[in-house]
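Here is a structure with two chains to explore step by step. Please take a look at the picture first, and then let us walk through it together.

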Amino acid sequence: MANLDIVKPENLVYTKTKVLTDATMHYCPGCGHGTAHRIVAEVIDEMGIQDQTIGIAPVGCSVLAYNYFDVDFEEAAHGRAPALATAAKRLNPDLFVFTYQGDGDLAAIGTAETIHACNRGENITMIFINNGIYGMTGGQMAPTTLIGMKSQTTPRGRNIERNGYPLRITELLATLPGTYFVSRQSVHTAAAVRKAKAAIRQGFENQKLKKGVSFIEICSSCNSGWKMTPVQANKWMEENMFPNYPIGDIKVDGKLVESVDINRIVVDHPLSVVK
Amino acid sequence: MAFKGQIVIDIDRCKGCGLCVEACPMHVIELSKHVNGKGYNYSEATGDGCIGCASCAMVCPDGVISVYKVKC
């Protein structure tokens, strides 16, 4: 069965990039964080900026991101990664600085830092992983939790009257003048991964232009938090998250994409049930 | 022109999430009946229909898949 004569160095078309360390990631099987880490690392590798990059790790599932990237890293206090990235970039304007944060970090406790860093137009790249839940602490409701979505703290589903609306922080940030490139991507299929990688590449390239924040949201599944298998979670994400968090570029070259309705919010989308 | 491929999976680091099984357009990846050191049913290549498209490697969260490809 195996074509072992094909397995030769000259035939290699894809393997894990050297910018990721060989450490086994602590993420749950099927977690989107691993894929997101890998594409960020591949972009750094392809641009040849491994020794000119500073990453800022958040608090949350990806708190140990510095163990997996073979680049310089700083660990920020909860939600404060954009503030630390501001300092790193202002002190080293020629280096590439990126933050890597989840939704509990960026859109909840760190909202102030996020909004002000974007409003100041800091010349950094922000990677935002949105899985609609607090993954690390056991699946509590996050600001990004969908209406009707069950979590540990909303066992009957998120209720608008009691819990308010899902925070679409990416659209919110796109309206600020300091953001130059805003995009929402996903990593649930091979095609989506390639598009997400292209968006991240764009985000890093934009740092050379010094025109403001490049913000890339990556919709990701949290299969343990959502109590599904990895494959089910990706399907559920496609059916239920994408209506509220549509995939695509929102702001390109400092201008909002006209076909995107940034005020759109879906309140009556019935969530599908996994059997 | 057709391509022939072969994937090599680092079974010790595979967590058996099954995303590559779902992503494979040729359906030549399956989860093994055996488990690795961590107790996961790791994925393995079956059959010889691989075309080296690297879709499995693209979706693999742990980056355990290397893809080799030749023209034939």
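Let us begin with chain B, which has 2 helices and 4 strands. Here helices (H or I, at least four residues) and strands (E, at least two) are DSSP runs, numbered from the N terminus. Starting at the N terminus, the elements of chain B follow the order β-α-β-β-α-β. The radius of gyration of chain B is 12 Å, close to the 11 Å that the globule rule gives for 72 residues, so chain B is as compact as a globular protein of that length. That radius is taken over C-alpha atoms, and the globule rule is 2.2 Å times the number of residues to the power 0.38. The C-alpha trace of chain B spans about 40 × 20 × 15 Å along its principal axes.

A word on what you are looking at: this is a predicted model, in which local features need pLDDT of at least 70 and side-chain atom pairs count only at pLDDT 80 or more, while totals for chains, interfaces and linings use all residues. Residues are numbered from 1 along each chain as its sequence is written, and chains are lettered from A and ligands numbered from 1 in the order in which they are written.

Now turn to chain A, whose secondary structure comes to 9 helices and 9 strands. Its radius of gyration is 18 Å, close to the 19 Å that the globule rule gives for 275 residues, so chain A is as compact as a globular protein of that length. The C-alpha atoms of chain A fill a box of roughly 55 × 55 × 35 Å along the principal axes, and 52% of the 275 residues of chain A count as buried. In chain A, 68% of the contacts with a separation of 6 or more are between residues 24 or more positions apart; a contact means that two C-beta atoms, placed from the backbone, lie within 7 Å.

Next, find the sheet in chain A. It is an open sheet of 8 strands in the order β3-β2-β4-β5-β7-β6-β8-β9, with mixed pairing; two strands pair if DSSP finds at least two bridges between them. At the edges stand β3 (72-75) and β9 of chain A, each with a single partner strand, so one side of each is left without a neighbour in the sheet.

You can see both senses of pairing here. β6(A) and β7(A) pair in the parallel sense over 7 bridges, and R184(A) stands opposite E217(A) in β7(A). By contrast, β6 (residues 179-186) and β8 (residues 248-252) of chain A pair in the antiparallel sense over 3 bridges, with V182(A) opposite K251(A). K251(A) also stands opposite L256(A) in β9(A), where β8(A) and β9(A) pair in the antiparallel sense over 2 bridges. In the hairpin of these two strands, which has 2 residues between them, D253(A) takes a positive phi near 50°.

Now for the helices. α2(A) lies across β2 (53-57), β3, β4 (96-102) and β5 (125-130) of chain A, running at about 175° to β4(A). Axes are lines fitted to C-alpha atoms, for helices over the stretch in contact, and angles run from 0 to 180 degrees between N-to-C directions. The axes of α2(A) and α4(A) come within 7 Å and cross at roughly 35°. P82(A), A83(A) and T86(A) of α2(A) make this contact with E113(A), T114(A) and A117(A) of α4(A).

Which residues of α4(A) are buried? In this helix (residues 111-120), they are E113(A), T114(A), A117(A) and C118(A). They cover an arc of only 120° around the axis, which puts them on the same side of α4(A); the arc is that of the directions from the helix axis to the C-beta atoms. After α4(A) comes G121(A), whose phi is positive, near 70°.

Finally, see how the chains meet. The contact takes 31 residues from chain B and 28 residues from chain A. On the side of chain B that touches chain A, β4(B) gives the most, with 5 residues. Strand β1 (residues 12-14) of chain A and β4(B) pair in the antiparallel sense over 2 bridges, and Y14(A) stands opposite V67(B).

Key
A residue is buried if 20 or more other C-beta atoms lie within 10 Å of its own, exposed if 12 or fewer, and partly exposed in between; C-beta atoms are placed from the backbone.
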